[in-house]
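Hello,

Here is the structure I said I would pass on. My notes follow below.

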Amino acid sequence: MNEVMWSKVPYGSGFTQLDPNPGVPSEFRTEIRVLYDDNAIYIGATMFDDNPEGILKELSPRDQLANTDYFSVVIDTYKAGQTGFGFTVTPSGVQVDQRITNPSITDPTWDAVWISAVNIHENGWTVEIEIPYSALRFPPLAEQAWGINFGRYVRRVREESWWNAINPAISNTLFQTGRTSSIENVKPLPRISLIPFVSTYIENNSANPGVWRKTLNGGMDLKLGIGDAFTLDMALIPDFGQVRFDDQVLNLSPFEIRFEENRPFFTEGTELFNRAGLFYSRRMGAQPFYLSQWSQRYPEGSSIENVPANSQLLNAVKFSGRTSSGLGIGVLNAIENRGFATLNVSETGQEKVVIHPLTNYNVSVLDQNLPYNSYVSLINTNVWREGDAYEANVTGTEFGLRTKNNKYLLSGNAPISQRHLEEASQIGYTWKLNWSKTRGSWQYTLSATEISPDYNPNDLGFNLIRNYRGTVGTLNYYKFIPGSIFNRYNASLTAAYERIIEPNAFHNFQIRYNSFFMTRKFFAFGINALAEPVITYDYFEPRDNFNSFLTYPRNGQIGGFISTDYRKKFAIDVSWSSRWFQDEDRQMHYFDISPRFRLNDHFFFTFKHTQQWLYKDVGYSSKNPGSVGIESLQPNDILFSRRNQHIITNTLSARYNFNALHNITLRTRHYFTSVDFIRFHILDEDGFLAKTDYTGRNTNGDLLHSQTVNLLTTDLVYTWRFAPGSDIILVWKHALNLSQNQLDISYFDFLNNIFEYPQANSLSLRVVYYLDYGLVKRRLSKAS
């Protein structure tokens with residue numbers, strides 16, 4: 001910080017602790033300075049430390065914080081307390097950037113291109129940060145008044161402090177930023193960025209060991225600034241082949257599994273589209289639309305092959321930003337190409353058929369900032385498909401209204417869904433209303449929800465239940481000031497009363513307790529409990545459109561966790577839970593253990609072992625048993641079973657960082673489950689399990705239901721950021737999927753014979769180069 005420019009501006013200091021002693025001055029001196037020009041805002045900070053040898057600085061991949069100190073900048077360009085930008089740098093030079101929304105939720109998947117440099121010296125460490133205006137969005141005003149805050153974290157004592165003090169009893173951290181002044185007449189260069197890429201794949205399946213499929217792909221992402229506050233993002237011919245494997249499981253429940261979104265285009269800058277919970281980006285590029293319907297669409301006895309695993313995205317576009325009056329506008333559009341498969345018909349032979357129609361997805365959002373960090377939003381999602389496939393539309397509103405002191409919050413949402421089916425339109429609705437106290441040691445939320453029987457946003461959204469009416473109350477207590485034993489702790493108590501709308505019937509009553517404690521030695525632990533003290537009625541498990549229910553017994557659960565100090569080279573996390581039912585000897589038990597090893601500042605790995613046991617569990621097996629060849633049962637009987645299930649999951653995650661720009665990461669996961677059906681029952685009209693002579697075997701004595709599933713996936717990734725925003729990524733992916741209707745392959749049998757089972761391998765190389773108009777122009781100016 002000895003350049004002449006820095007010496008000409010005053011510095012800020014006087015940081016205040018957020019943790020472990022809120023409101024107390026920091027034990028460490030920090031000085032910050034800020035400059036700006038027409039291209040960027042510049043931050044220089046010196047973190048004084050009397051023990052520079054003790055500065056923790058473990059390396060990690062970009063956007064991940066390890067066992068390290070760090071310095072952060074938070075900018076709220078609209079000073080509305082609703083959205084912001086966060087930029088963090090560690091003493092090893094690792095960058096982390098994130099969007100902050102709603103109003104204290106961070107999204108680390110957002111990526112910007114900015115420059116930083118660090119230096120550790122005898123007085124502590126120093127960082128300089130250049131944030132181009134192209135990384136921000138701000139209103140077109142002659143004088144900018146931004147919310148801004150600066151944070152510092154000293155890992156060895158776990159002290160987090162901020163330039164403008166943050167009160168942990170107020171849930172909104174953006175509301176507590178300071179303010180910039182005298183940022184005037186900023187005229188940034190046009191925001192134009194091109195990100196071309198090329199990728200190549202070599203793939204092999206052990207079913208055809210001599211066949212290696214080679215592909216070469218290319219495409220481009222475009223970012224175009226429209227005015228000072230809006231950005232157009234385009235993905236032309238997107239390629240997501242290097243995305244990490246999903247954590248697949250055997251799903252015996254009546255509900256869909258929700259998977260994380262790992263595709264960068266759909267994780268970066270999408271917070272505006274998540275209003276009212278109507279947008280689930282994994283719907284785009286999913287399995288072909290007609291795949292689950294082909295037996296109804298084509299002749300009986302036909303078969304289908306050469307089915308693409310996923311529908312192909314042709315392009316995707318995002319337009320978003322916020323006006324000077326605080327109106328946020330967002331539009332996202334994506335187009336999927338037609339997909340084809342081969343239909344085999346005994347009479348006519350093979351023919352090419354459409355397995356997925358040309359499809360357009362659209363999300364449109366209006367989001368208005370209101371005084372006191374409040375907002376109101378309107379969102380619409382629309383799915384259009386060509387041909388005789390139905391179309392879908394959902395329109396909803398979401399709002400959050402805070403009092404002037406941010407102590408109370410009234411929030412809610414109210415969407416309406418429409419599916420334009422061939423025979424008629426299906427229209428449904430949902431609404432939710434919450435009243436919350438969000439400030440102080442005692443906080444609470446009262447919530448009411450209703451979801452109509454025909455509500456279905458799942459063409460572009462994600463909703464698990466329908467035909468539901470519920471009331472939930474939660475009381476929270478937070479201890480922010482450290483005591484003699486605990487740094488902090490909190491506890492919550494929740495009660496939920498739930499009904500079914502049609503028929504108007506009682507569904508469930510549940511009480512939950514959760515707690516978290518952090519000791520002065522940074523040992524964390526918690527206790528959780530659940531009780532359903534009355535007999536309840538499950539209308540979802542029978543999968544009979546609410547015409548039947550399963551009578552659910554009284555039950556209770558208790559569990560907890562421990563977590564040791566992550567500053568140590570070795571740390572461990574353990575969690576467990578046990579649930580008992582007033583129903584024979586029915587039980588559920590869960591246990592996981594996750595040791596963490598940090599060998600040095602470059603190499604870290606963790607291994608997570610999870611086991612789950614379900615003894616004499618009760619669940620749905622089949623509707624209309626005649627369709628599975630059970631001749632002793634009536635055609636409309638609903639077949640249930642008691643079954644034992646054992647689930648084992650092992651996940652190894654490791655990383656080696658050469659420096660802040662080069663790293664290798666490994667993630668390998670083995671999922672094993674065995675399901676042993678003990679006996680079968682018919683669900684009677686009172687929701688109880690009636691006897692049946694069905695044994696679960698066919699006339700040959702073969703098991704029709706019991707099964708084992710083994711899923712093994714590996715992602716090995718090398719990343720080199722060779723220039724700002726530019727990467728070379730080399731990925732090896734391996735997958736093994738074995739599912740059999742038998743129990744003679746044990747967990748260890750599978751491991752001993754792992755190389756005998758069908759496997760797939762993929763090796764890919766992707767090169768991405770970032771071209772920014774402003775950066776190129778400045779370099780050319782300097783060169784001339």
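**Notes on the model**

Leu730 is found in strand β43 (strands, labelled E, have at least two residues, helices, H or I, at least four; both are DSSP runs numbered from the N terminus). This is a predicted model, in which local features need pLDDT of at least 70 and side-chain atom pairs pLDDT 80 or more, while totals for chains, interfaces and linings use all residues. Residues are numbered from 1 along each chain as its sequence is written, and side-chain values use heavy atoms, without hydrogens and water.

Leu730 counts as partly exposed because its relative accessibility is 37% (buried is under 20% relative accessible area, exposed over 50%, partly exposed in between, with a 1.4 Å probe and protein chains only). Leu730 belongs to a nonpolar surface patch of about 820 Å², together with Ile202, Trp212, Tyr656, Phe658, Ile664, Leu716, Trp732, Leu763 and Leu765. At least two patch residues come from β43 (726-740), and at least two from β44 (759-768).

Two cis peptide bonds follow. One joins Asp19 and Pro20, with omega about 10°; Pro20 sits in the loop between β1 (16-19) and β2 (30-36). The other runs from Glu502 to Pro503, with omega near 0°, and Pro503 is in the loop between β30 (486-500) and β31 (505-519).

Asn467, not a glycine, has a positive phi of about 55°. Asn467 is in the loop between β28 (442-451) and β29 (468-479) and is buried, at 1% relative accessible area. Phe546 also has a positive phi, about 70°, and lies in the loop between β33 (536-538) and β34 (550-552). Phe546 counts as buried because its relative accessibility is 10%.

Regards

Definitions and conventions. Patches are made of residues with over 30% relative accessible area and no salt bridge: like charges are joined within 9 Å, nonpolar side chains (Val, Leu, Ile, Met, Phe, Trp, Tyr) within 5 Å. Accessible areas come from the Shrake-Rupley method with a 1.4 Å probe; for residues, only the protein chains shown count as cover. A salt bridge is a side-chain nitrogen of Lys or Arg within 4 Å of a carboxyl oxygen of Asp or Glu.
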